[in-house]
Amino acid sequence: MPGLPWPMPSSDKSYPYQAFGVCLLMYAMSQMDLALFAYAVPSIKAEFGLTQVGIMSIVSSAFLLAAVGIVWLGWLTDRLGRKGMFQFSLIGSSILVTLHSIVPNPGTLVLLRGSSLAVGGLTYPITGSILAEEFPAKIRGFFLGLLQIGYPLGWVFASWWAAWLLADYGWRVLFLVGLASLPLVLLVHWKVREPPRFVASKTQGERPRLSELLGPGIRRRALLLFAAQFLFVSAYAGSVFNFPSYLMENRGLEIPSYSKLIGYGHLIGILGYIAAAFVGEFVITRRNTVVIWTLLGALMFQIMIWRTDSYGELLVMYGLTTMFFYGSAAVKFAYLAEVFPTRLRATAMATCGSFAVILGSAVGPLLVAFFERQYGWNVAFALIVGIPLFLAGLLYMFLIPVPSGLEVEEVDNYLKTES
């Protein structure tokens, strides 16, 4: 990109790591807000007198509502800038999550939940865009992968709150925790800049168009990534939003026990995120790492469902499941962030990433609930989580492996020549 100040001047060499620290913290807080709802599902279900299908219908409806806004917000991020939309996302989601505490009925909960998912979900394409555009090529993928540690950290943070507040004060008080992330927006204001790459693309008059995702040279990767992400997240959401109810109804665990199990499992899972980021950057390609981690995750999940009896066995296998199943997100995220042009990056990540995430999250939980009612928890999880996860791993085999160490501008050119 002509005229771009890259590599960065020596006085700015520490900035990417500063940006990483801020993005990681904000991503963790965003995931904590998401996790609060999952922990609260059994309590919300009880208060409103809902069946498992009924509460998962709320989850699915909220995600479908969010789908209306997430692509538009991602496109706005490519038009207006990363920093301003980052602050908007943090402020908006914090307020919307906190308002969950006063919802009078399930319909209002759907509206608030959908709005908070759309606004809070914007941290996914924004943080990915910022780090992809700021880090040196030789370590870009590793730090993009490490950013995904924010996901299990968010669940760990939420488990601490849930084990205390949810058990003693109820689910409404739990959502007041959403206010905790509000003051942190000042860190973004003070410590995060507009990436030079993005500024240069705007200076050169490059404007994002959603139709470009279906244009020559981009369409194949966009469609494959969307389909794989949809299947993966359908499996992921089908498991995590139903898992607390499964632990209560099938395993006989109470709120403090299941909150701690999920929290400790995600803490163990952090090792898988770090390993995936390292292997994808320094050992084999990110594409191949995604395939290996996803297929191993599918295997670990099935063993957890069918072959564990004691609390200890369940904890170990849940930890291994999060290491590979959820940990594969570290390399998925890095691959998605680097394979689209800068002018289109946030739009692509919002569409092939966040939009697919939202649709998958709308489908998976409800399907698991329907199958659970007919066939029981184990069969529902095996079919609606295990099979889509396995198919997602296979789909990634059709994507082009990208060598590490390429600048983001070179990645796009490499993919065009290879396709």
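Start with helix α18 in this predicted model: quite a few of its residues are buried, namely Trp377, Ala380, Phe381, Ala382, Ile384, Val385, Gly386, Pro388, Leu389, Ala392 and Gly393. Their packing partners are the helices α2 (52-80), α11 (219-240), α12 (243-249), α14 (286-307), α15 (311-326) and α17 (345-375).

Now look along α18 itself. The helix takes in 19 residues, 377-395, and at 1.5 Å a residue that should give a span of 27 Å; the end C-alpha atoms sit 27 Å apart, so the two agree. There's a kink to look at, too: α18 bends by about 25 degrees at glycine 386, with proline 388 following within four residues. Both Gly386 and Pro388 are on the buried list.

Next, the empty space. Rolling a probe the size of a water molecule over the atoms shows where it is left. Here that turns up two cavities of 30 Å³ or more.

Around it you'll find Leu225, Gln229, Lys332, Leu336, Cys352 and Tyr396. Helices α11 and α16 are the elements that supply two or more of these lining residues. Four of the lining residues are nonpolar, one is polar and one is charged.

How values were computed:
Residues numbered from 1 in each chain as written. Predicted model: local features only at pLDDT ≥ 70, side-chain atom pairs only at ≥ 80, totals over all residues. Heavy atoms only, no water. Expected span 1.5 Å × (residues − 1). Bend = angle between axes of the 7 residues up to and from the residue. Buried < 20%, exposed > 50% of the residue type's maximum accessible area, 1.4 Å probe, protein only. Contact = heavy atoms within 4.5 Å. 1 Å grid on protein atoms, 1.4 Å probe; cavity = no way out; pocket = protein on both sides within 12 Å on 5 of 7 lines; lining within 4 Å. Points joined across faces, edges and corners; volume = space filled by probe spheres on them. Nonpolar A, V, L, I, M, F, W, Y, C, P; charged D, E, K, R; others polar.
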